[in-house]
Amino acid sequence: MITEPLTLTRLRSRYQDDSTQLRQSFERNGDGSAVIRRRSQIVGTLLRQLWEYAAPTAPQNDIALVATGGFGRRELFPCSDVDVLFLCANEKVEPVYRDRIRACTQAMWDIGLRASPVTRTLKETERVHPDNLEFTVSLLDRRYLTGSRELYAKFETELLPSVVLREWDTIVQNLAEMARARHAKYGDTIFHVEPNVKETPGGLRDYHLAQWLTLLNSIQEQKVWPRSAADDFYGTHDEPESAYDFLSAVRCFLHYRSGRDDNTLDWHAQDEAAQRSIGLETRGTLDPAYWMRTWYRQARTVYRRASLLIDAVPPPRRSFYRQFRRKRTPVAGTDFFLEDGRLDLAEGATVNDADSVLQVFGLMAKHGYRLSFAAEDRISDALPILAVQMPEGPFLWNCLREVLLGPWAAHALRTMHALGILELVIPEFHGIESLVIRDTWHRYTVDEHTFHVIDNVHRLRQPQHEWEKRLAGLLPEIDRLDLFFLALLMHDTGKARRTGNHASNSVELSESLFSRLELDAEERETVRRVIHNHLEMSAAMRRDIFDTETIRAFAEKVATQPQLKMLTLMTYADIRAVSPEALTPWKAESLWQLYMSASNFLDRSVDEIRYHASADPAFFSRIVALIPAVTPGRASSQAPVPTEELRSFLEGLPQRYLSMRTPEQIAAHFRMAMDIGKDPVQLSFRALRQVNEITLVTPDRPGLFADMAGILSAWGMNIVKADAFSNAAGIIVDTFQFTDTYRTLELNTSEVDRFLLSIRDALKHTISVEELLRSRKMKPARPKVTVETRLEFDNEASSHSTLLQIVTQDAPGLLREIAHSFASCRCNIEVALIDTEGETAIDVFYLTSAGQKLDESAQASLSASLVHRLAQLRQ
């Protein structure tokens, strides 16, 4: 036993002096790795001295002192426990040394060490207890201190390797399960406001986990204990080593700051760490948000390596049948192959084809596959080559669409982001990499928040709560989900700029991406509006959502039903991505109430708000700037911009028309109206990505809408959307979107001219629409579901029109039959909004008769006509 006070006093004084010098050294150079190695050496020397004093004359051939855990791997942080194993040759040795072990342990505490001793016999170390796996894992990092070298050599070279090989499955399975549970506790993300540098994903625990799994895999393959597992872990990369140095410095800083084993990087600690540039090579005061970006980048390196190794852990039991079925499946057109849900590169293959890499990420988004450890490294190594080869234009957009639309889009995007591929595709995204918003509201960094937003929308495909089921119903109603997800991806990129409105900044940053993807004007405007307005719904929810003026103001900003649906889903996903607690059931209910109120307002006020040039001169001037200085029959150099004609064209058009069209489209429609004198039937045709679109500008007349619908039906076109608007001068702008069931126009481009000519001839009554219909009459396909017809009249929704909503079975010629009923009952279509959801037609019309609303008698007559015609259509 240690009884001489001077000995303990001297050792304590020496330890305190050494500790003071270590701290001073850290404050000078910030080298945490050097501190923990030096402290391990100091404590090791101290323990040898303590053991010699405790058992000066005892034989040393039946007991050994072994450093384990962090102490064993020479990583003893300033306030960490000192893990020591007293290894006894057999059960008879422990009673002999019990007092000396107790005395040595007490002396450690007296000197100021946090002793964590454990005594085991050689035989006891042969057993692996799943409930106490930490002890077995601690033996993976062990180091001889003093005592019997022969006993330690037997333990290290004979017993420990045999135990690990025998119990390999148990150790590995439990290690992986413990890691998954720990990750789940912290939300499976590194992006925490106040992370724990040891336990959170990407912390030091994950770094060591990766080392342990690499060591165990090597032992399993080679059947011997490797000389160094670190070489396998690092490979040719120094990122994990750099990350470890940074994390070590941060943990040393936290220990010295608090004087205890405190590993939480709270707000105040972040401020101090940034002020002292902890973990960085350059010294000086930094912005805490910038310093935290370094933390997340380093943690991400560690987390990805650990996650890859966890995912590679085989299942507890692998049946013979499953082993027999295990095979490699090549990915067509690439050097990649799929094996057990993991994508890898063929041996000897190089990554030099950006197209193949983008294809692989599309598969990851679609199926949830993961990249192998080696594949990730080889893609990272190839970044300079891929940067030169990265495609642009429609091909790049199609590749990005595949990723965005996949149910595992967030997973694929995170991997692309971690490997640097996402920044090659979208350099504008780099500004928000690991960007911290320093408030107590946002849980995650801006880039991680963005991935959560995208994931939250995809998760609506499998809703859990009642309010999620209601929101999920909006997903199929969004025509261009690809554009919606592109807006989600870019909506917060403007936060990289520290000043200004981040929504406006995000729109500005997106413009260069639009150009590289070669999106058309309408596609760009759709994305712009979603990004620009993405905070409007949250702002409206802070007001009285049952107040009429609140609803009106919000609905007028949103302007259209498609935008409202996208904003509703975006607001839901955005709030939920802030933190797990942000979207309360009350807030979800308020969001749905606001959506329903705004939707009803938009549906029932389509023709209520009409354009007047005098009331909106700014918009008028914007359109004027897009109009070439040309009037019919005169050269551009001789004619001013026809402002009066433009004013006449715009006057009286519903505000919804202006909201649903880009300024460029409005200018194009005006030019068509200017050419009516040359040809009274002005048509424009364009093929969109999923549908064809035709726009008609002509003077209004009875039966015009019915004739147009009939011609499209005669050509076998299926109308999926349509709208009809008229101005005060009686000029109509009707737009029809339709699918070409038999691909007539796609496969025979010359047919487009004949198609347009037949429309002109029919509308001019040169040919009969009825003859066209009879010559091309086809038997309709049998519907999969039956939709009962519902007619709803509303004379309160508009001040001068009757609103009629028709819900019925979609069928060829449906729109023509409806329009014929209107014509036969002398009803004029002021506005038409045509939509199709699956086999259900949902059409809304604003009608007048002789310039007035429909009275009850007119409604009854029209209802009877519609019911009769729609019933005949089903026969």
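User: What should I know about the model before I start?
Analyst: Residues are numbered from 1 along each chain as its sequence is written, and side-chain values use heavy atoms, with hydrogens and water left out. The model is predicted, so local features need pLDDT of at least 70 and side-chain atom pairs count only at pLDDT 80 or more, while totals for chains, interfaces and linings use all residues.

User: And what is the mean pLDDT of the protein chain?
Analyst: The mean is 86, and 91% of the residues reach 70 or more, where pLDDT is the predictor's confidence in each residue, from 0 to 100.

User: Where is confidence lowest, and where is it highest?
Analyst: Confidence is lowest in helix 9 (residues 230-234), with a mean of 43, and highest in helix 22 (residues 481-490), at 97; helices are DSSP runs (H or I, at least four residues), numbered from the N terminus.

User: Switching topic, how do helix 14 and helix 18 cross?
Analyst: The axes of helix 14 (residues 354-367) and helix 18 (residues 409-419) come within 7 Å and cross at roughly 145°; axes are lines fitted to C-alpha atoms over the stretch in contact, and angles run from 0 to 180 degrees between N-to-C directions.

User: Which residues of helix 14 make the contact?
Analyst: Phe361, Met364 and Ala365 do so, and they meet residues of helix 18 including His411 and Met416, contact meaning heavy atoms within 4.5 Å.

User: What about residues 629-637?
Analyst: There pLDDT stays under 50, and the model has 14 contacts for this stretch beyond four places in sequence.

Note on methods: Helix = DSSP H or I, 4+ residues; strand = E, 2+ residues; numbered from the N terminus.
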